[in-house]
Amino acid sequence: MTVDGVRRAGVVDEAEQSIALLPTTVDDIVRGGPAGERGDVLPLSSVRLESPLHRFNRDVLCTGWNYVDHFEESKGRREGQDPVALPEHPTFFTKGPDTVIGPYDDIAYDPDISQKWDYEAEIALVIGLDGRSIPEEKALDHVFGFLVANDVSQRDLQRAHGGQWLKGKSLDATMPLGPWITTADSADLTEMQVQCEVNGVLLQNASSAQMAFSFARIIAELSHGMTLRAGDVILTGTPSGIGNAREPQIFLRDGDVVVTRVSGLGELRNTVTLTDKLTRS
């Protein structure tokens, strides 16, 4: 969040609906910097939360096909780009960091770029300790915390570029992230409920217990020979219920309200909003 023009971190008390200001940023804390002493306590309603993270080491790292039901629901709908079977290892791709917006920001919608805007509720995690070839049994020691994301995707762009996912998932200002980071020691990883509503209709509703690959397995496989850095963000996959797999299909349009929530991690509320056609430098 920004207070008096300065980006600040804060400690959220959901029970009290308050936030205690800190003299630093979340980006610095995640990378091992001191949090400092808590300052003024403000009503949560008096501040506008931004994306907790603003300084990215690289692209956002993502996991595909990590819920078996989601993999199965899309069979025959990938326009000839189906794999033979569910992969035996996690499938990884990336999204550009300019996709990231805050928990209540507008999703920048442009129908001239894509006609097939799809929602994907996900659990995201943030790395808090550098590591390479991290053993699965030690993987969670490298996690700073968890938060909510929506991997808004453009299905026609995915298909148009050879089936790879970078382009169809990297449009500017399209991925809500937040509303805050729940630290690893405060998160209950046994069973998180992942949900997405569009205009008040519940379209995705699944438990993290349904994931094909656990958080620890994702970290272990992704870090194999590749250093993960404090501040890296990893999305862990979306459950079934996506718009592209429905009959009839459901795609996002201007004015749609998308609510993404994960039990224990909070809720995002974003409005799909038509962008201007100005070229931005």
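A: **A strand and its partners**

V148 sits opposite G178 in β14. Before going on, note that this is a predicted model, where local features need pLDDT of at least 70, side-chain atom pairs count only at pLDDT 80 or more, and totals for chains, interfaces and linings use all residues. Residues are numbered from 1 along each chain as its sequence is written, and side-chain values use heavy atoms, with hydrogens and water left out.

The strand to look at is β12, residues 143-150. Strands here are DSSP runs of E with at least two residues, numbered from the N terminus, and two of them pair if DSSP finds at least two bridges between them. With β14 (residues 175-183), β12 pairs in the antiparallel sense over four bridges. β11 (residues 121-127) also pairs with β12, again antiparallel, over seven bridges; there, A121 stands opposite N150 in β12.

How much of β12 is covered? Seven of its eight residues are buried, where buried means under 20% relative accessible area, exposed means over 50%, and partly exposed lies in between (1.4 Å probe, protein chains only). As a general point, side chains in a regular strand alternate between the two faces of the sheet.

Now the cysteines. There are zero disulfides in the structure, a disulfide being a pair of cysteine sulfur atoms within 2.5 Å. The sulfur of C62 has its closest cysteine sulfur in C196, but they are 16 Å apart, so that's too far for a bond. C62 is buried at 1% relative accessible area, and C196 is buried as well, at 0%.
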